[in-house]
Amino acid sequence: MTEARNARVDRISILGAIIGVFALAAPLLVQKANRLASGTPHYLWNSNSVFALLFFGFLYFIVFVLTMQRGPAKMFKQKPRVILVGLIGNIVLVASFFFAGSEARRLAAAAAPYARFSLGAGVWLLSLSGYMLIVSAQKSVKAGSGMNLFLSLSGLALFIFLFGTGAFKDLSIMQEYAARKERFFQEVLQHLRLTNIAVAIALLLGMPLGVWTYRNQRLEKPIFAIINTIQTIPGLALFGLLIAPLSLLSLRYPLIRTLGISGIGAAPAIIALSLYALLPITYNTHIGLKTVDAAVREAGRGMGMSRREIFFSIEVPLSVPVIFNGVRTSVVQAVGNTAIAALIGAGGLGTFIFQGLGQAAPDLILLGALPIIALAVIADRSMFVLTALITPKGLKV
Amino acid sequence: MIELKSITKKYSKLTAVNEISFRVEEGEICVLIGPSGCGKTTIIKMINRMLEPTSGEIYIQGKNIEESKPEILRRNIGYVIQNIGLFPHMTVAENIGVVPRLLGWSKNSITARTEELLDLLGLDPDEYSDKYPGKLSGGEAQRIGVARALAADPPLLLMDEPFGAVDPLNRERLQIEFLKIQRKLKKTVIFVTHDLDEAIRLADTIVLLKEGSIIQKDTPENMLAHPKNRFVKNFVGTDRALKRLARFTVADYLSKAEGLCIEKNISQCIKNKRDKLQNRFLWITDRQGRLMGWLDIEAFLAQDDIEEALTRVNPAEIALGADFTLKEALARMLSQGVSAIPVIDNADRLIGEINLSTIEKITQEGYPK
Ligand SMILES: Nc1ncnc2c1ncn2[C@@H]1O[C@H](COP(=O)(O)OP(=O)(O)OP(=O)(O)O)[C@@H](O)[C@H]1O
Ligand SMILES: [Mg+2]
């Protein structure tokens, strides 16, 4: 875990700010006559929104000042500086989309009815810049603290709020969204459902497996060999591998068919996803238990604790942070992996990605990809907070 | 109280403990000592059944330990493990309360007991109860380790190098405190160390081991005076006369100290006493009897100026407490180049002095007392 002791604005934020300054020269929007036509770029500086240019310029100026170790910035302590940089990162992230949205609205009023405005390189570079500022700030803020969470999620929350108010509605990605609003929420839910079930299964399997391999040293090698191999099978191949046996089973046994299990759809997807999620959970459970200080375990035994008491009141609490780190990795991976599930008809946000790929419609791809990124960030952060909450107090130095 | 009968422990090829028998009486401290790997920890762990002997029997209060369930047996034996092993996720109070909790004590009696033990070990309960082991110094952690072993007031205490991980100065302080506590509690203690000075200071009986066998089992005095063979002789070293001094405490060999209160009419007193004074120096105290320094009588008589002849000192630096050993007293004399050291009580009051001649006499006698 990162420590807040040497809080300092670091190089990542300087790099982020430099990227951001260059981004101001990149196209903010690309206007197309229709979905297939080639586009004309719109830049920040020749938009009416000179204000936006000044706004970003001002923010990056502050970041540069804050990174200086002498001069006027010396007035501020390191900690507030770091937090300010993180805050600016969040603002940049949201503002880039916001200005693109408002610029699109202004242009749309004057343009032909089927004109489309997609996000230009400028928006992506600005988001990258904002993200780098956030990451750089976060490293210096205590993991799991309220401030850390605020820095992680405030931009995202504001983004979702603006999305609700329709600030982005003239962007082409939102037109894709407007055309399939109901479907979108269904797929978000389906995505969450697949991810959650898969992780739940991986937990139920992985934790006992981790305990088991820890208790039987002889099993360690073969079991991890298997789980590691699964991890290296490419995603699609694993889904494919499951189609044949599951189809066979459902054809052979009507009972299985009535349960809704067949070669394609949710069942193979969940199986594959939980197999993928298995490794980090099993491995971290195993390692977490293994790294409990032998002297502490001995002490427990010497005090007259039973095996069960040693397990629940010593081994588990002491390995909880490590185990939860594994769970976090699994969850974040699963959110991403679930995108592939769409390929075998299980649904989820991957549906839009693969439709978009099929139709060469980048906006549709984004409609699938952006929410996946948001979900991954939210999952990651909430697991961090949960881990911090559940870590025994004496282990936090 | 506890008796080991021809205990042997074999690991595939190696015989870690070989046909060992000894008994420890109620209230005694028996110290197991020997080079690293000689089987000390193995013996300790067989006593609380963390290891099963290959052959032989162990009786505690006349009962074969194999008749008790291991967990139950262990809850009734205090155990300080070699690496302390405090539970890092539990507070100091929770650590101490582990065995009482296993025994099903009520919450209130556990709290009361914890505070009592912290007091006993010289740690303020208000300050330490809620601390986590990660924040303790080495010496504090060792004390908590001992407190945890004492928690359920077991009659038998197994201590595996309990003061191993602290610097020599702190270790000495811990030993003195432990002896004080032991005088009060009268536990039967089996204590492992590979520090001979520690063994000599604490033991009623020393069991010297080598490669799993007992080489000599004796009182510290006897072991130092009559080493059984070359191995023991080498082990106790050429300075055994010096080492033996660690068996004697200052309190038992105090001489009366000539001390004068500075408030009195000192010049007159000295002049009156002059003929009776044998030493050139005289301890000077304040009205409460606290040591202030010493007076060079000759210098005083020559100049008749008290301040000129008086050397003021910090009592803690120059004087000894009554529970120090003669070995420390001698070391102090040699380092300061003096032949007498003042002895003070807890409030810095002069209670006597210890003389080089006394120490010499003891080293010459075979066995005093
Ligand atoms: N599980 C084991 N398997 C094989 N040999 C062991 C095992 N445990 C201990 N031994 C060996 O038994 C011997 C006695 O070990 P023990 O731990 O009792 O020594 P010790 O006297 O406590 O040493 P130290 O002073 O280093 O703590 C050593 O040679 C050790 O290597
Ligand atoms: Mg040992």
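This is a predicted model: local features need pLDDT of at least 70, side-chain atom pairs count only at pLDDT 80 or more; totals for chains, interfaces and linings use all residues.
Figure 1. Chain A contains 15 helices and 3 strands. Along the principal axes, its C-alpha atoms occupy a box of roughly 75 × 65 × 30 Å. Of the 397 residues in chain A, 49% are buried. Among contacts in chain A with a separation of 6 or more, 75% are made by residues 24 or more positions apart. The accessible surface of chain A amounts to about 19,200 Å², and carbon and sulfur atoms supply 70% of that surface.

**Figure 2. A nonpolar surface patch on chain A.** The patch is formed by Ile14(A), Ile18(A) and Phe22(A), which together present about 280 Å² of accessible area. Ile14(A) belongs to helix H1 of chain A, which spans residues 11-23. With a relative accessible area of 31%, Ile14(A) is classed as partly exposed; membership of a patch requires over 30%.

**Figure 3. The interface between chain B and chain A.** The size of an interface is often given as the accessible area lost when the parts come together. Here the buried area is about 1,800 Å², with 67% coming from carbon and sulfur atoms. Chain B contributes 20 residues to the contact, and chain A contributes 20 residues. On the side of chain B that touches chain A, helix H2 (70-75) and helix H4 (98-102) of chain B are the elements that give two or more residues.

**Figure 4. A salt bridge across the interface.** Side chains of opposite charge can pair when their charged atoms come close. The interface of chain B and chain A holds 2 salt bridges. Lys45(B) and Glu298(A) are joined by a salt bridge with an N to O distance of 2.5 Å.

**Figure 5. A salt bridge between two helices of chain A.** Over all chains, the whole structure has 27 salt bridges. One pairs the side chains of Glu220(A) and Lys290(A), at 3.2 Å from N to O. Glu220(A) lies in helix H8 (residues 217-232) of chain A and Lys290(A) in helix H11 (residues 266-290) of chain A, so that distant parts of the chain, 70 residues apart, are linked. Glu220(A) is partly exposed at a relative accessible area of 22%, and Lys290(A) is partly exposed at 37%.

**Figure 6. Two salt bridges within chain B.** Glu71(B) pairs with Lys69(B), and their closest N and O atoms are 3.5 Å apart. Glu71(B) counts as buried at 18% relative accessibility, whereas Lys69(B) counts as exposed at 53%. In the second pair, the closest N and O atoms of Asp153(B) and Lys187(B) are 2.4 Å apart. Asp153(B) is in the loop between helix H7 (138-150) and strand S7 (156-160) of chain B, and Lys187(B) is in the loop between helix H8 (168-185) and strand S8 (188-193) of chain B, so the pair ties together parts 34 residues apart in sequence. Asp153(B) is partly exposed at 43% relative accessibility, while Lys187(B) is buried at 5%.

**Figure 7. The surroundings of Thr91(B).** Thr91(B) is located in the loop between strand S6 (77-80) and helix H3 (92-96) of chain B. Its relative accessible area is 9%, and Thr91(B) is therefore buried. Apart from neighbours within four places in sequence, Thr91(B) contacts Ser129(B), Asp130(B), Lys131(B) and Tyr132(B).

Key: Residues are numbered from 1 along each chain as its sequence is written. Chains are lettered from A and ligands numbered from 1 in the order in which they are written. Side-chain values use heavy atoms; hydrogens and water are left out. Patches are made of residues with over 30% relative accessible area and no salt bridge: like charges are joined within 9 Å, nonpolar side chains (Val, Leu, Ile, Met, Phe, Trp, Tyr) within 5 Å. Accessible areas come from the Shrake-Rupley method with a 1.4 Å probe; for residues, only the protein chains shown count as cover. A salt bridge is a side-chain nitrogen of Lys or Arg within 4 Å of a carboxyl oxygen of Asp or Glu. Helices (H or I, at least four residues) and strands (E, at least two) are DSSP runs, numbered from the N terminus. Buried means under 20% relative accessible area, exposed over 50%, partly exposed in between (1.4 Å probe, protein chains only). Contact means heavy atoms within 4.5 Å. Buried area is the accessible area (1.4 Å probe) that two parts lose on being put together, summed over both.
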